[in-house]
Amino acid sequence: MNSYRVAIYPGDGIGKEVCDQAVRVLQHVQRQEGSFQLQFSWLPWGCDYYFQHGSVVPDDYLEQLKVFDAIFFGAVGDPGRLADHVTLKPLVKIRQAFNQYACVRPAKLLSGVRCPLVNPGEIDFVVVRENSEGEYASCGGRVNPGPEEVAVQTAVHTRRGVERVLRYGFELARTRRKRLTMITKSNALTYSMVLWDDVLDQVMPEYDEVTTDRQHVDAAAMNFVRCPHEFDVVVASNLFGDILTDLAGAIVGGLGLAPSANINPERVFPSLFEPVHGSAPDIAGQGIANPVAAIQSAAMLLDWLDLKQAAATIRVGVERALADGAATPDLGGGLNTVQMTDIILQCM
Ligand code: GGG
């Protein structure tokens with residue numbers, strides 16, 4: 001029987017609550033299938049760890065994580081106790097150090113879910129967010145503390161980095177409706193985003209069965225609302241992808257439903273799976289967080305481990321539960337986190 005080691009990094013706030021439920025679902029499907037084994041290692045990192053040890057993660061956290069087959073992540077952030085950039089830093093570092101350069105964020109409107117748009121049509125697209133460089137490159141500094149202080153933060157886009165994420169997007173588009181939209185702002189960001197345009201021009205002829213277009217990020221934000229059904233695969237830089245996927249989550253029912261996978265396509269390092277949402281301090285501890293985004297992320301983890309049947313079983317459970325009207329408060333319902341998971345388990 002194949003056995004896989006999975007690191008669980010729940011983090012802060014509702015990250016812990018939804019991780020518990022995602023692991024429950026993984027254990028359930030593992031029992032149901034009986035053909036694979038998942039060994040979970042819980043990592044107590046995050047804000048509480050910081051106040052015990054003086055840092056959010058131990059010094060050797062990348063070494064510790066390297067040995068796993070996959071990482072499951074909850075959410076980070078506890079702004080009342082610790083600045084957000086301190087809690088987020090290890091996550092960004094993991095994505096970069098482990099070359100998880102393709103952040104895959106599906107946006108699909110499921111039956112039974114209320115869409116905030118009036119005539120949405122069928123919404124089923126995937127945003128591939130460049131995840132290892134761009135605006136998150138952590139390149140810059142601050143000088144002259146005081147009234148004349150200056151902060152510089154430089155985005156770093158490399159030809160290699162842009163090309164590999166575009167190729168990932170094209171390969172994905174080949175398996176779907178064969179449309180790819182590249183998001184830039186190359187009318188204003190005339191160095192970095194024109195590099196994206198140039199790389200698209202170079203790569204595109206190799207994928208001539210894929211229809212390609214390009215949109216500036218402001219137009220794309222409008223079109224996500226105006227005509228979301230027209231998108232299939234969307235490729236964007238790190239920050240643009242992050243912003244657009246909150247919007248994408250909102251139009252398919254809310255961030256409580258939005259999963260993601262931070263993929264190292266070459267499989268040299270473990271990939272990391274997490275809900276798109278953050279730690280939601282406003283509802284943390286109340287037991288009412290929507291576990292669906294985390295559970296759907298768990299399905300993406302199983303897909304990545306090539307446990308396709310188990311992943312499909314989870315998706316069927318989620319889709320049936322939502323179609324039957326199961327809903328947490330963010331979806332307009334009254335179920336708590338555990339009750340929502342109970343129903344998903346019954347539907348699997
Ligand atoms: N589950 C993801 C999470 O905690 N996200 C917090 C956040 O602010 N992330 C920013 C990012 O993904 O770039």
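**Figure 1. Contacts along the chain.** Of the contacts (heavy atoms within 4.5 Å) between residues at least 6 apart in sequence, 74% link residues at least 24 apart. The model is predicted: local features need pLDDT of at least 70 and side-chain atom pairs count only at pLDDT 80 or more, while totals for chains, interfaces and linings use all residues. Residues are numbered from 1 along each chain as its sequence is written, and side-chain values use heavy atoms, without hydrogens and water.

**Figure 2. Overall dimensions and cover.** The C-alpha trace spans about 50 × 50 × 40 Å along its principal axes. The radius of gyration, taken over C-alpha atoms, is 20 Å, which agrees with the value near 20 Å for a compact globule of 348 residues; the globule rule is 2.2 Å times the number of residues to the power 0.38. Buried residues (under 20% relative accessible area, 1.4 Å probe, protein chains only) account for 53% of the 348 residues.

Figure 3. The chain has 11 helices and 12 strands; helices are DSSP runs of H or I with at least four residues, and strands are runs of E with at least two, numbered from the N terminus. Strand β6 (residues 134–143) and strand β7 (residues 150–156) run antiparallel and are joined by 6 bridges; strands pair if DSSP finds at least two bridges between them. Arg142 has Ala151 in β7 as its bridge partner. Between the two strands of this hairpin lie 6 residues, and Asn144 in the turn has a positive phi of about 60°.

Technical notes. Buried < 20%, exposed > 50% of the residue type's maximum accessible area, 1.4 Å probe, protein only.
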